[in-house]
Amino acid sequence: MHMNDKDRCGEMKPFIYDLNLDDLQEWAKENGEPAFRAGQIFDWLYVKRVNNFQEMTNLSKELRAKLEDQFEFVTLKEITKLESKDGTVKFLFGLHDDHAIETVIMKHNYGNSICVTTQVGCRIGCTFCASTLGGLKRNLTAGEIVAQVVQAQKILDEKGERVSSIVIMGSGEPFENYEATMKFLRIMIHEKGLNIGQRHITVSTSGIVPNIYKFANEDTQINLAISIHAPNDMLRSKLMPVNRRYPFEDVMEALRYYLAKTGRRITFEYALIGGVNDQPEHAAELASVLKDMLCHVNLIPVNHVPERKYVRTSRNDIFKFQRVLAENGVNVTIRREQGHDIAAACGQLRAKHMELR
Ligand code: SF4
């Protein structure tokens, strides 16, 4: 049974959400229970979405006691909840060890999308991001990532709605917490559980090259997004120190491998920063790099980052940038801003919370 015990503090019991169906079956076997019990537990967790073992009423009292004795539910304590006029709801959740993470529910016309966090903080150091300011505190376990979606689904249950898509774009670098992220994903797409469509899930990386190859070789249809943010090696290194570890051209080569292997379109995330990477020549250079790739560019005008003196790109420059890409045959959209009125940019809420402590 694979659990991220090394990421856990103290002598805590494992989280029940850390177990996938195979793990539960193994556990049932080890405990002299028939295999179908695992299916029943999985159903209580992800279809009926109970809050504790006592609610699993088709299990014997002894079995419930045994589960309770060996596992914990993940408790995400709501520290802050901010609701935007556009329907975006952002949560700051407290974990068992006093760390705090952000999870966002975004309302689209096609359904509800959840943005999840994979690490407490982040060590990647992107210069426009608040999540990285205090460095990496620890990885989340698969169960702690799962719990964010289950909690969001419980909130949506009250309105008769469901989680229709997931983006792994919250704080942290999912490919630096690869095993937990993959385990989380496999729990999410399981047809006997939440059954989220694979094509409705996107995992976003800053370009951890070895794990792009690994991901390309996984048997899934989950989408991949790359935070590219610059059209060349030099500028990218300035904005994203991770580029010194995994240079621009190595990332591109890994992506070409991914494309050849999966045939799935890649999304490039490009944060526009006023006067830094948002000029027409940057767009032209980016277009020449991407010209033969099956891809889509998502432009994200960054919010003002006081710590970095970054400013927003003007509306005019945003459209100019988009036009240059489009005229050069690159598929491009500007990300619809959500939760602009509630500090929804990644890490801002947690940063504020840390300042207040
Ligand atoms: S943008 Fe993502 S990868 Fe970069 S520092 Fe922020 S959380 Fe980490």
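The model is predicted.

**Domains**

The protein chain splits into domain 1 (20–70) and domain 2 (77–356). Their C-alpha centres are 34 Å apart. The two domains touch: eight residues of domain 1 are in contact with eleven residues of domain 2. On the side of domain 1 that touches domain 2, helix 2 (residues 36–46) gives the most, with four residues. By class, that side of domain 1 holds four nonpolar, two polar and two charged residues.

**The nonpolar core**

The largest nonpolar core has 92 residues. Those with the most contacts inside this core are Ile 114, Val 146, Val 149, Ile 166, Phe 184, Met 188 and Leu 325. Helix 4 (residues 142–157) supplies the largest share of this core, seven residues.

Met 188 shows some of the contacts. Setting aside residues up to four places away in sequence, Met 188 touches Val 149, Ile 166, Leu 194, Ile 196 and Ile 201.

**The ligand shell**

Twelve residues surround the ligand. The closest are Cys 122, Ile 124, Cys 126, Cys 129 and Thr 132. Sorted by class, the shell has five nonpolar, six polar and one charged residues.

**Annotated positions**

An unreviewed UniProt entry lists Gly 172, Glu 173, Ser 204, Ser 227, Ile 228, His 229 and Asn 303 under "binding site".

Gly 172 is in the loop between strand 7 (163–168) and helix 5 (178–189). Asn 303 is in the loop between strand 11 (295–301) and helix 11 (315–327).

The table gives their surroundings.

| Residue | Other C-beta atoms within 10 Å | Class |
|---|---|---|
| Asn 303 | 18 C-beta atoms | partly exposed |

Asn 303 has 18, so it is partly exposed.

Gly 172 also has contacts away from its own stretch of chain. Leaving aside neighbours within four places in sequence, Gly 172 is in contact with Thr 117, Thr 118, Gln 119, Cys 122 and Asn 177. Of these, Cys 122 is also one of the residues closest to the ligand.

Conventions
Residues are numbered from 1 along each chain as its sequence is written. This is a predicted model: local features need pLDDT of at least 70, side-chain atom pairs count only at pLDDT 80 or more; totals for chains, interfaces and linings use all residues. A residue is near a molecule or strand if its C-beta atom, placed from the backbone, lies within 6 Å of it. Ala, Val, Leu, Ile, Met, Phe, Trp, Tyr, Cys and Pro count as nonpolar, Asp, Glu, Lys and Arg as charged, and the others, Gly among them, as polar. A nonpolar core is a set of buried Ala, Val, Leu, Ile, Met, Phe, Trp, Tyr and Cys residues joined through C-beta atoms within 7 Å. A residue is buried if 20 or more other C-beta atoms lie within 10 Å of its own, exposed if 12 or fewer, and partly exposed in between; C-beta atoms are placed from the backbone. Helices (H or I, at least four residues) and strands (E, at least two) are DSSP runs, numbered from the N terminus. Two residues are in contact if their C-beta atoms, placed from the backbone, lie within 7 Å. UniProt positions are given in the numbering used here, feature names are shortened, and annotations may be inferred rather than shown by experiment. Domain bounds come from an automatic or database domain assignment.
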